[in-house]
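Have the viewer open and follow along.

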Amino acid sequence: MRYAMAIDTKKCVGCSDCVVACQTENNVPVGYCRDWVVESVAGSYPQLEIEIRSERCNHCDNAPCVRCCPTGASHIVDGGVVLVDPVKCIGCGACIEACPYDARYSHPDGHVDKCTFCIHRVEKGQDPACVSVCPTNCMYFGDLDNPNSDVSKALATRKYKVLAPEAGTKPQVYYLV
Amino acid sequence: MKKTRRDFIKISAVGSGGLALGLSTIKIANASDGENGLFKSSHARPVLQNRYPTYCEVCFWKCAAWTYTDDNGEIVKIIGNDEDPHCEGRLCPRGTGGVGMYHDEDRLKKPLIRVEKDGKQEFREASWEEALDLVAGKLNKLKEEHGAESLALFSHGSGGKMMSHLVKAFGTTSIAAPSFAQCRGPREVGFAATFGETVLSPERTDIRDTRCLVLIGSHIGENMHNGQVQEMSDAIDKGATIITVDPRFSTAASKSQYWLPIKPATDMALLLAWIHVIIYEGLYDKDYIEKYAYGLDQLKQHVKNMTPEWAYGITTIEPDVIRKTAHEMAAASPAVIIHPGRHVTWYGDDTQRSRAIAILNALLGSWGRRGGFYNPEKVNLPDYPSPGYPKPKRTWKDAFPGQYKLVDEVLSTGICYSSIPNPDMEFNIKAWMVYGTNLLASLPEQEKTIEAIQNLDFLVVIDTMPMEITGYADVILPECTYLERYDILRASPHREPYLALRMPAVKPKYDSKPNWWIAKELGSRLGLEDYFKWENIEEYLDWQLKKVGSSLEEMKKIGIKKFPREYEDLYALNGEDFEFNTNTGKIELYSTELASEGFDPLPKYTHHREPDPGYYRLNYGRAPMHTFSRTANNPNLTDLMDENNVWVNPKVASIWGLKNDQYVYLKNQDGVVTSFPVKIRITERIRWDSVYMVHGFGHADKKLTRAYGKGASDSEMITNVKIDPVMGGTGMRENFVTFITELEKKEDRS
């Protein structure tokens, strides 16, 4: 089992509903976020392109945050999901420095926090909160080992890319382009 | 005439009784809820306990949803109702962030009454009893002295229905919503003149099944009109062609196969050239036009010289692009939508531009066809029994003799103008009730709005938040948010008729009350008890629901209920006989109605004013995370976007030496300067002859602790208004701004 997410940049309008839904689902304090939206513009008027991406922890196969964690708080569970155990976390911030995606932040309660792929929902057969609310239906989630999962089907039929492949982290959030 | 001097009072002047209770954070969740089952945190994930049906009130799309509460009975999240065609279970960021409206500690908390103390005006807290008695006393006096007709109601949102019922029973029909004259009015009148029917809300656009969607200035995806955003996304998946006409590279433009970066204010020329190509190349739906339309010959003659080459000189869009896009539309016909837009009050000839859009749709046979415009139905809910309304002796139209005969709705600016004493006017408005609309931001020409307010005998405002308009009120009545109240049922037109229920998930916070209670209480004080014979709104709703075969009990469980269509005519115009509600009984390409009122029966291109050197046309629009100016203080949504910025092309930035994120003031063609500075955003996404900003920022009320002084108000810059002669709409896109880069104007951003 390997959970992954694919996000269709051709459909995303950058509304940031994924950000608010994550906040209300996971009680992320206002002022912080586990996911965010990036817009990049290329070209000059009127030859222009925009890519809009909803970004979050990439739940990497080769996760630098897990390797550098001195207490084992950052760990990987079934399905390849990277989690932070807030009890074991001493808030040193090594993982924040190590992450090439800037996906982690210091929670006001003193530990590091980030996207969990909403594993508490996934275990119940639901999609992560961000995926489930997206008005453009531009996010697909599921098990890469299952060829019939939404994410497998999306990756089988579309061109895609990952962020910072040069970092060698083997990220598991894919962008359909 | 008595003049009421009305100082703007900032509600922060209220005494300590108005202290915020603070944002109620979610309490400690039970131990088993931590990520690893052990962790206790003040920010643990909430334990969901109950859910209550609602429909969203953050915008007019009104998506049905569930409000979830935790084990402390506190609201934690709002999730779309899967059965609702408005949202398909997926709310937009504002709907998801609607929790912030409830949690906002800056809300209005107690009724407030304007008093004078030591020569200074301020608000004093009052009981509901006292405040309602005062309002009723003032209204009764008004009725005696000037007649009930001299009261006007401005309203926006679901609660407006109850307030309308109250004022109609009182004896006035001057009930206006800025959503007509400042927004969608021209398209309704333009489409009605063509098809005998309006576009409605939600729009009857069949985007789901379209093969070609043409957007003219409409920025779907930045406006989160949820159903349309979802259907456009669907259409992208299915490979539909999208053509976007916009001087700005909007999000929609970036999703389009064709982006036409048109010179601002020249859309009419493009539309006429498209019509020319469609007619002269014989691309129109001949059977459809023959059977259903009137006036093809006159139209053909009219657009004879309006070639793509002619339009090129006006619009800067190359002739072959005009032709190619016309061919795309024709290839998709009838599954093509030239979108009517929503906020279409631009240049004062907006009804005529909407007519051109309607005509183009007619030529392509998209009205009443799959993938074009469907024929919606809604549930006809009976009104709770009540006496007939008194017939007013005068109406707002008496202030404008001979004008606006084609207008069915009330012009908010018309009410505003007729509130300013004028010896030539037959009729004057003397008092306003303002429900849920911040008129200082929603009407253009702030100076006139303020002049009207200063001349009123009485102004009562009902709202959830302190907004600029509340600062001018004599009495403020604090309403509870939509998450804390019942409201009227949502019965909106759609492919299939649905009803949606809104019920409270929690008790009203502070000393706030729902609109129905306020209306009923005022009614009983005005001797209108007979109009409010229900004990409470549960009884009212249950009565209505039982009449259509449901009940309040059932709706509480399901939130939304689908009803069968009465007629099987979702797509009615595939050769069936049909009589349109126009003079000729046909689709009027040539409008006999406009002709009889002395207006152009066929749309013409008019040249609009261009910016002077050093000035740039002010375009404005929406961001997906905000609605009008009403969400600017919402903690969840300000977290996403807490101020607007002004978009400028890099060429313009280099002329002015502007830097990204630099603060400037804007000054318009009439010398008006923004109250607050606004950040510069240098981007290739905007033409060099215009600037763009998101509407709804630059709030001047200090009580809005998150919104105060953040960004600039586009409304402040809109002092030049082009009135649409057909329907009185206020064209707002002939305003031009320049930059004041030295912040010599004293900053007041405390």
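Helix α8(B) is mostly covered, with 13 of its 14 residues buried. Keep in mind that this is a predicted model. Spanning residues 267–280 of chain B, α8 reaches 20 Å from its first C-alpha to its last, close to the 20 Å expected at 1.5 Å a residue. After α8(B) comes Gly282(B), which has a positive phi near 65°.

Next, a helix pair in chain B. Helix α4 (residues 160–170) packs against helix α17 (residues 515–525) at an angle of about 15°, and their axes are 9 Å apart. Angles under 35 degrees count as roughly parallel, and α4(B) and α17(B) are therefore roughly parallel to each other. The crossing in which α4(B) passes α17(B) is left-handed. These residues make the contact:

| Helix | Contact residues |
|---|---|
| α4(B) | Met162(B), Met163(B), His165(B), Leu166(B), Ala169(B) |
| α17(B) | Asn515(B), Trp516(B), Ala519(B), Leu522(B), Gly523(B) |

Sorted by class, the contact between α4(B) and α17(B) has seven nonpolar residues, three polar ones and no charged ones.

Now to the place where the chains meet. How many residues of chain A are in contact with chain B? There are 40, and they face 43 residues of chain B. On the side of chain A that touches chain B, α1 (17–26), β2 (36–44) and β3 (47–55) of chain A each supply at least two residues. The most comes from α1(A), which gives eight residues to that side. By class, this side of chain A has 19 nonpolar, 14 polar and seven charged residues.

Terms used
Residues numbered from 1 in each chain as written. Chains lettered and ligands numbered in written order. Predicted model: local features only at pLDDT ≥ 70, side-chain atom pairs only at ≥ 80, totals over all residues. Axes fitted to C-alpha atoms, helices over the stretch in contact; angles between N-to-C directions. Helix = DSSP H or I, 4+ residues; strand = E, 2+ residues; numbered from the N terminus. Parallel < 35°, antiparallel > 145°, perpendicular 65-115°, else oblique. Left-handed = near helix turned anticlockwise from the far one by under 90°. Contact = placed C-beta atoms within 7 Å. Nonpolar A, V, L, I, M, F, W, Y, C, P; charged D, E, K, R; others polar. Expected span 1.5 Å × (residues − 1). Buried ≥ 20, exposed ≤ 12 C-beta atoms within 10 Å, placed from the backbone.
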